[in-house]
Amino acid sequence: MPVSPVYRPDPQFFALGHEFGDAVQAADFPQAILRVRNDRAAATMGLDSLTDAEWIAHFARFDPLPGQPGPIAMRYHGHQFRHYNADLGDGRGFLAGQLRETVRAQAASDRVARVSAPQGRLLDLGTKGSGTTPWSRGGDGRLTLKGGVREVLAAAMLEAQGVPTSRALSLIETGEALQRGDEPSPTRSAVLVRLSHSHIRFGTFQRAAWLNRPDMVEALVEHARSLYHPGVAAGDTPAFYAAVVQTSARLAARWVAAGFVHGVLNTDNLNVTGESFDYGPWRFLPSYQPEFTAAYFDQTGLYAFARQPEAVFWALTQLGGALKLVAEAEPLTDALNGFGPAYIRELRAAFLARLGVLSLGEAADQRLLDATLALLKEGGKALRWEPLFHDWFAGFASSARALGGPRGKLYQGEAFDVFRFALFEHTPDRPERLEQPVFARPEPEEMLIEEVEAIWGDIADRDDWSALYAKLDRIEQARQSRL
């Protein structure tokens, strides 16, 4: 297989042994039509030189990449809407491979990345819709094409907004007619490959604790510590937990700043690297609505927009409970108590990044955060969420552009005056970014459900993929404009 010289297989998870996963085979799909190929992500691992035929061989038939042992369905448990489920695991996906990202690619992908080992970050190739496994629980192990399209869009938008997220590496239509009870059926099928730093979930630890296996918990801690939090000393479980708490706080803050609602924050959907993944019933806020939910089945609003930090904290307490099997409770509690301060600190930083200004210190940054939320609340449906950050990116450097734009008449009154004063206190961060074509447009790149449905409608009705590809191109322009 021709791959570039930077390709470095490193199947670390497989070394944990059979107690953590099961060897499986991918489904034999009747078709394999390549719909999305993320060559920018592939290039970071030396996979961009694959031909389309080779791509399909590895990401539809799942012939193992060189140096990889073959698919593994990972075992885990988890709380689903706070009810413990011991009958979980990879039911329609598996770990298809692990390899190293180049250090150069890592630095380019995240300006604030904590540079890890010299060989680059470990990356997982995880699938969705690749067939049944021992954990399918009677399901068909498949993914709808619409679900795959939605995950591609969510991951691209979140990456553009600076949220730690998995990336959609590949989407291949598989030619099956699927029956689903919550959408029109039969519907088209697909298999997705996502690229993520880790698929070690909170629920992976919960399963080991449920089995009352401190040896398994210790093995998981050492595995995750050495690979994902190498600054933590070997054997220091509380410090490892503290690192997970901090990265999880950052993730929750970035979701809120992006106006994103994950929808299903179960403990099997949160991982030890603080990266967002597994996008099912997600939404982006149309406007400031704290109670906004993404999942139609979230009847109590457990995972509503404003409750996401609470949900992440609750999930972290469950992880801490599993770690009590190998560590004292007091230092674990101390680590957990760091979530609140870390979340507020990260939320301030996230809003500053979205507004394109530099920190002026804790008090001034908090004033700007509070003023921004107050203006978003007052502006409501007329202002929406994303346009405020588009109009006022780089602070006072955007004043004429914002006031002369389509929302200029909304920028008046007491709430706006407080916001403008707090914003103008802060120095613009690289205001030359305003020269990017994105900021010459009157409207920002949004991801509201109406557009998502329209994109899918073109595909479903006419097999027209042009709107999806155009949207992905615009999202990429938005991402580059904020680098």
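Modeller: The mean pLDDT of the chain is 95, and 96% of its residues reach 70 or more. The model is predicted, and one stretch calls for caution: over residues 107–118 pLDDT stays under 50, and the model has 15 contacts there beyond four places in sequence.

The chain has 16 helices and twelve strands. Its C-alpha atoms fill a box of roughly 60 × 60 × 50 Å along the principal axes. A compact globule of 483 residues would have a radius of gyration near 23 Å, and the 22 Å of the chain agrees with that. Of the contacts with a separation of 6 or more, 74% join residues 24 or more positions apart. Buried residues make up 58% of the 483 residues.

The part to look at is helix α2, residues 52–59. Six of its eight residues are buried, so the helix is largely enclosed by the rest of the structure. Buried here means under 20% relative accessible area. The residues in question are Glu 54, Trp 55, Ile 56, Ala 57, His 58 and Phe 59. An α-helix has 3.6 residues a turn, so residues three or four places apart point the same way. The cover over the buried residues of α2 includes β2 (33–37) and α1 (39–43). It also includes β7 (122–128), β9 (167–178) and β10 (187–196).

Three of these covering strands lead on to loops with backbone features to look at. Between β9 and β10 lies a loop that holds Pro 186. The peptide bond from Ser 185 to Pro 186 is cis, with omega near 0°. The loop between β7 and β8 (143–144) holds Arg 137, a residue that is not a glycine and yet has a positive phi of about 55°. Most residues other than glycine have a negative phi, and most peptide bonds are trans. Another positive phi, near 60°, belongs to Asp 278, in the loop between β11 (260–261) and β12 (283–284).

Gly 404 and Asp 391 are 13 residues apart in sequence, with their C-alpha atoms 9.8 Å apart in space.

Key. Residues are numbered from 1 along each chain as its sequence is written. This is a predicted model: local features need pLDDT of at least 70, side-chain atom pairs count only at pLDDT 80 or more; totals for chains, interfaces and linings use all residues. Side-chain values use heavy atoms; hydrogens and water are left out. Helices (H or I, at least four residues) and strands (E, at least two) are DSSP runs, numbered from the N terminus. The radius of gyration is taken over C-alpha atoms; the globule rule is 2.2 Å times the number of residues to the power 0.38. Buried means under 20% relative accessible area, exposed over 50%, partly exposed in between (1.4 Å probe, protein chains only). Contact means heavy atoms within 4.5 Å. pLDDT is the predictor's confidence in each residue, from 0 to 100.
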